[in-house]
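Try each task before reading its solution.

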Amino acid sequence: MLILLPPSEGKAAAPRRGNALDLDGLTLPELRAARETVLDDLTKLSADPEAALATLGLSAGQGAEVERNAVLRDAPAVPAGKLYTGVLYDALDLASLPAPARRRAREQLLIFSGLWGVVGLADRIPPYRCSIGVRLPGAGSLSAHWKAALAGPLGELAGDDLVLDLRSSAYVPMWTPRNGVSVRVLHDGKVVSHFNKATKGRIVRDLLLAGARPRTPERLAQTLEQVGYRVQARRPDQLDVIVDTL
C-alpha cells in the first residue's frame, strides 16, 4: 500500500552546511526533466523578488522565502522526512517511530510537491516555497504540469496496490490512483479542518506501527478499527473516520 501525503507550507530551518540537491537521487528519477523545468523557472523568477512575491502569493515580509528559492541548486539539502513540519507531520512524528516502522514509512509514503512532483522521506531537498496553485512564467500551471508528468511513473509504481490518499484537495488533481481510497475526518457529522490533519497524521503513524498493508478499502477499514478508529464507508473509494473529541 502506498500512502500519499500533502507537503506543508512550513519547513524546518535551512541547514548551514551540507550536500546540495542531486536530482538523480530523488524518488522516480525519470521525473528529472519535469523537475528541471520547474526548478529553472522558479530560480529565475526569484531573481526578481517583486515579481516572485506576486507570483507565489507571498507578502513583502516573506522576502526570505524568495531568497531561498533563488539559490535552490546550491543550498544544503535535508531529507524530506525532516524538512516538512506542521500539524500532520507533528502528529505522525516520524523521528520517534521504531526502526521497523520507519523502514515501512520510507517504502510507503510519498509526499506531493509543487516543485518536485513527489518525493520520498529519504529524498534530500533544500527548503523552498512553491505551492501547487502557482502558475510559473514558463511551466505554467503546476497542477497541469505534474498531472502530465506523474501519470506514467506513479501508475507503474502503484500497480494494483491500494493507495491511501491523504492529500489536501489542491494536490489531488496531480494524480488519480487507480485503486485509491481517501479519508474524511468527521466530528458531529461535520468535516473538520485543523484536526483533520492531526487525525490523518495519527492514522499514518498507527498503520505504520501495525505493519498494515491492506489490499482493499474493506480491509483498510477493518485495520483502522483494529487500531482504535471508528470508521464508516461512505463510498467504495472513501472512508469516514469519526472523532468524538477535538
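Predicted model: local features only at pLDDT ≥ 70, side-chain atom pairs only at ≥ 80, totals over all residues.

**Exercise 1. The largest pocket**

How do the residues of the lining of the largest pocket divide into nonpolar, polar and charged?

- Step 1: start with the space itself, a volume of about 670 Å³.
- Step 2: list the lining, which has 36 residues, with Leu166, Arg167, Ser168, Ser169 and Lys200 nearest the centre of the pocket.
- Step 3: sort that lining by class, which gives 16 nonpolar, twelve polar and eight charged residues.
- Step 4: The largest share, four residues, is that of S9.

**Exercise 2. The second largest pocket**

Solution. 

- Step 1: this pocket holds about 370 Å³ of space.
- Step 2: its lining has 15 residues, and those nearest the centre are Gly81, Lys82, Leu94, Ala95 and Leu121.
- Step 3: two or more lining residues come from each of helix H4 (80-83), H5 and helix H6 (99-108). H6 supplies the largest share, three residues.
- Step 4: by class, the lining counts eight nonpolar, two polar and five charged residues.

**Exercise 3. The faces of a helix**

Which residues of helix H9 are buried, and which are exposed on the other side?

Solution. 

- Step 1: within H9 (residues 217-226), pick out the residues under 20% relative accessible area. They are Pro217, Leu220, Ala221, Thr223 and Leu224.
- Step 2: look down the axis of H9; the buried residues fall within an arc of 165°, so they line one face of the helix.
- Step 3: turn to the other side of H9, where Glu218 and Gln226 are exposed.
- Step 4: ask what the buried residues pack against, and you meet strand S8 (163-165), strand S9 (180-187), helix H8 (194-210), strand S11 (230-235) and strand S12 (238-242).
- Step 5: go past the helix to Gly228, which follows H9 and has a positive phi, near 110°.

**Exercise 4. Salt bridges**

How many salt bridges does a search of the whole structure find? Follow some of them.

Solution. 

- Step 1: the search gives 14 salt bridges.
- Step 2: in helix H1, Glu36 and Arg32 are four residues apart, about one helical turn, and their side chains meet at 2.9 Å, N to O. Glu36 is buried at 18%, while Arg32 is partly exposed at 31%.
- Step 3: Asp165 and Arg167 form a salt bridge at 2.7 Å, N to O, and both are buried.
- Step 4: Asp240 and Arg184 meet at 2.9 Å, N to O. This pair links distant parts of the chain, with Asp240 in strand S12 and Arg184 in strand S9, 56 residues apart. Asp240 is buried at 5%, and Arg184 is partly exposed at 23%.
- Step 5: follow shared partners, and Asp24, Arg32, Glu36, Asp40 and Arg73 join into one network.

Conventions:
Residues numbered from 1 in each chain as written. Heavy atoms only, no water. Buried < 20%, exposed > 50% of the residue type's maximum accessible area, 1.4 Å probe, protein only. Arc of directions from axis to C-beta. Contact = heavy atoms within 4.5 Å. Salt bridge = Lys/Arg side-chain N within 4 Å of Asp/Glu carboxyl O. 1 Å grid on protein atoms, 1.4 Å probe; cavity = no way out; pocket = protein on both sides within 12 Å on 5 of 7 lines; lining within 4 Å. Points joined across faces, edges and corners; volume = space filled by probe spheres on them. Nonpolar A, V, L, I, M, F, W, Y, C, P; charged D, E, K, R; others polar.
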